Amino acid sequence: SKIAHRNLGALKYLADESALQRATRAALVHEWLQRELAKSKTVAIDRLVEEGSHEVNALLATDRETIIDIRAALKDLEKFGLIQLDQRRKTITKVTQKKETQQLLQEKWIRAFES
């Protein structure tokens, strides 16, 4: 097993796995939010948190349900500018579409490497 590596190798492996899972979670929630906002102009954050894990699992179409931390995913998506929240109304008012998402993330990666 990869975790059998010692010291820094194990730490790097765990950090990489954590980052991969976080990115996967954000991507799945982003895809689901695009579908939700296509149905209505805004979506209540409370409803997303209550129903999100189950609905994102439905996108995966697997036999096992995975617990997905929707609040954490929303924070990540907001941090990267992929969603817009109306804090006063506690709703999501915008989710970037595929082309815009790719452009935003590409710009952030470029800025990160330039720093």
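Student: What covers the buried residues of H3?

Tutor: This is a predicted model. In H3, which spans 70–79, the buried residues are Ile70, Ala72, Ala73, Leu74, Asp76 and Leu77. The elements that cover these residues include H1, helix H2 (45–60), strand S2 (83–86) and strand S3 (91–95).

Student: How do the elements of the protein chain run from the N terminus on?

Tutor: The secondary structure comes to four helices and three strands. From the N terminus on, the order of these elements is α-β-α-α-β-β-α.

Student: Which residue has its backbone nitrogen within 3.4 Å of a side-chain oxygen of Asp69?

Tutor: Asp69 sits at the start of H3. A side-chain oxygen of Asp69 reaches to within 3.4 Å of a backbone nitrogen, and that nitrogen belongs to Arg71. Beyond the other end of the helix, just after H3, Gly81 takes a positive phi of about 75°. For the contact at the start of H3, the residue asked for is Arg71.

Student: Which element supplies the largest share of the largest nonpolar core?

Tutor: The largest nonpolar core has 18 residues, and those with the most contacts inside it are Val29, Leu33, Leu74, Leu77, Ile83 and Ile92. At least two residues of this core come from each of H1, H2, H3 and S3. The largest share is five residues, and the element that supplies it is H1.

Student: Leaving aside neighbours within four places in sequence, which residues is Val29 in contact with?

Tutor: Val29 is among the residues with the most contacts inside the largest nonpolar core. Contact here means heavy atoms within 4.5 Å. With neighbours within four places in sequence left aside, the residues in contact with Val29 are Val56, Ile68, Ile70, Ala73, Leu74 and Leu77.

Student: Which residues lie closest to the centre of the largest pocket?

Tutor: The largest pocket holds about 510 Å³ of space. Its lining has 16 residues, and the closest to the centre are Ala23, Ala26, Phe80, Leu105 and Trp109.

Student: How many residues of the lining of the largest pocket come from H1?

Tutor: Helix H1 (8–39), helix H3 (70–79) and helix H4 (98–114) each supply at least two residues of the lining. By class, the lining has 10 nonpolar, two polar and four charged residues. H1 gives the largest share of the lining, and the number is six residues.

Student: What percentage of the residues in the protein chain are buried?

Tutor: Buried means under 20% relative accessible area. The protein chain has 115 residues, and the buried share of them is 27%.

How values were computed: Residues are numbered from 1 along each chain as its sequence is written. This is a predicted model: local features need pLDDT of at least 70, side-chain atom pairs count only at pLDDT 80 or more; totals for chains, interfaces and linings use all residues. Side-chain values use heavy atoms; hydrogens and water are left out. On a 1 Å grid over the protein atoms alone, a cavity is a set of points where a 1.4 Å probe fits but cannot get out, and a pocket is an open set with protein on both sides within 12 Å along at least five of seven lines; lining residues have an atom within 4 Å of a point. Grid points are joined across faces, edges and corners, and a volume is the space filled by probe spheres set on the points. Ala, Val, Leu, Ile, Met, Phe, Trp, Tyr, Cys and Pro count as nonpolar, Asp, Glu, Lys and Arg as charged, and the others, Gly among them, as polar. Buried means under 20% relative accessible area, exposed over 50%, partly exposed in between (1.4 Å probe, protein chains only). A polar contact is a pair of N or O atoms within 3.5 Å; within protein, one must be able to donate a hydrogen and the other to accept it, and residues adjacent in sequence count only if both atoms are side-chain atoms. A nonpolar core is a set of buried Ala, Val, Leu, Ile, Met, Phe, Trp, Tyr and Cys residues joined through side-chain atoms within 4.5 Å.
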